[in-house]
Amino acid sequence: NEELAEGDGSLNNSCMKGEDKDFFDIYKHCKDLKILTLWKDQLLCGRALVWSIKDITLMDRVYIAKEHYYELFFKYVSGYEKKADSNAIAIPCHKE
């Protein structure tokens, strides 16, 4: 398990917190998925699943150790629309 940064955010309260690394192997087999991570001082501060399907890319739910880390994820994809009902971001992109 990677070490999580301290905080009261969704990362530290995730139902997957403490799962063995092998638990996440299912994501290795999905060609349309990448995991965006945020690290500080070798501690995991945040993560989000990024799905690329057809001409849409979606940054799925963002899990963070502290609330102010949300800003860094949204800044990374600045200029894109945030879904009104969640902390996911739809990122339009071109087909190759």
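A residue counts as exposed when its relative accessible area is over 50%, and as buried when that area is under 20%. I note this cut-off at the start since several entries use it.

**Entry 1. The model**

I am working from a predicted model. I looked up the elements of the protein chain and found 1 helix and 5 strands. Read from the N terminus on, their order is β-β-β-α-β-β.

**Entry 2. The chain as a whole**

I checked burial next. Of the 96 residues in the protein chain, 30% are buried. The chain exposes about 7,100 Å², and carbon and sulfur atoms supply 51% of that area. I also looked at contacts between residues at least 6 apart in sequence; 44% of these join residues at least 24 apart.

**Entry 3. β1 and β2**

How do strands β1 and β2 run relative to each other, parallel or antiparallel? I found them antiparallel, with 8 bridges joining β1 (residues 33-40) to β2 (residues 43-53). I then looked up individual partners. Isoleucine 35 has leucine 49 of β2 opposite it. Tryptophan 39 faces leucine 44, also in β2.

**Entry 4. The turn between β1 and β2**

The hairpin of β1 and β2 has 2 residues between the strands. I looked at aspartate 41 and at glutamine 42, both of which lie in the loop between β1 and β2. The phi of aspartate 41 is near 55°, which is positive although the residue is not glycine. The phi of glutamine 42 is near 60°, again a positive value in a residue other than glycine. I noted these angles because most residues other than glycine have a negative phi.

Is aspartate 41 buried or exposed? Its relative accessible area is 67%, so aspartate 41 is exposed. Glutamine 42 has a relative accessibility of 74%, so I list glutamine 42 as exposed.

**Entry 5. β2 and β3**

I followed β2 to its pairing with strand β3 (residues 56-64). These strands pair in the antiparallel sense over 7 bridges. Glycine 46 has isoleucine 64 of β3 as its bridge partner. β2 and β3 form a hairpin with 2 residues between them. In that turn, lysine 54 has a positive phi of about 55°.

**Entry 6. Rings and charges**

How many aromatic pairs does the whole structure hold? My search found 0. I then looked for charges over rings and came to tyrosine 63. The charged end of arginine 47 sits over the ring of tyrosine 63, at 5.4 Å from the ring centre. The charged end of arginine 61 also sits over the ring of tyrosine 63, at 4.7 Å from the centre.

**Entry 7. The salt bridge**

I counted salt bridges and found 1 in the structure. Which residue does lysine 31 bridge to? The partner is aspartate 32, and the closest N and O atoms are 4.0 Å apart. I checked how open each end is. Lysine 31 has a relative accessible area of 77% and is therefore exposed. Aspartate 32 has a relative accessible area of 28%, so this residue is partly exposed.

**Entry 8. What I have so far**

For the record, my notes on strands cover β1 with β2 and β2 with β3.

Methods. Residues are numbered from 1 along each chain as its sequence is written. This is a predicted model: local features need pLDDT of at least 70, side-chain atom pairs count only at pLDDT 80 or more; totals for chains, interfaces and linings use all residues. Side-chain values use heavy atoms; hydrogens and water are left out. Two strands pair if DSSP finds at least two bridges between them. Helices (H or I, at least four residues) and strands (E, at least two) are DSSP runs, numbered from the N terminus. Rings of Phe, Tyr and Trp (its six-membered ring) pair if their centres lie within 6.5 Å; planes under 30 degrees apart count as stacked, over 60 as edge-to-face and the rest as tilted. A charge sits over a ring if NZ of Lys or CZ of Arg is within 6 Å of the ring centre and within 35 degrees of the ring normal. Buried means under 20% relative accessible area, exposed over 50%, partly exposed in between (1.4 Å probe, protein chains only). Contact means heavy atoms within 4.5 Å. Accessible areas come from the Shrake-Rupley method with a 1.4 Å probe; for residues, only the protein chains shown count as cover. A salt bridge is a side-chain nitrogen of Lys or Arg within 4 Å of a carboxyl oxygen of Asp or Glu.
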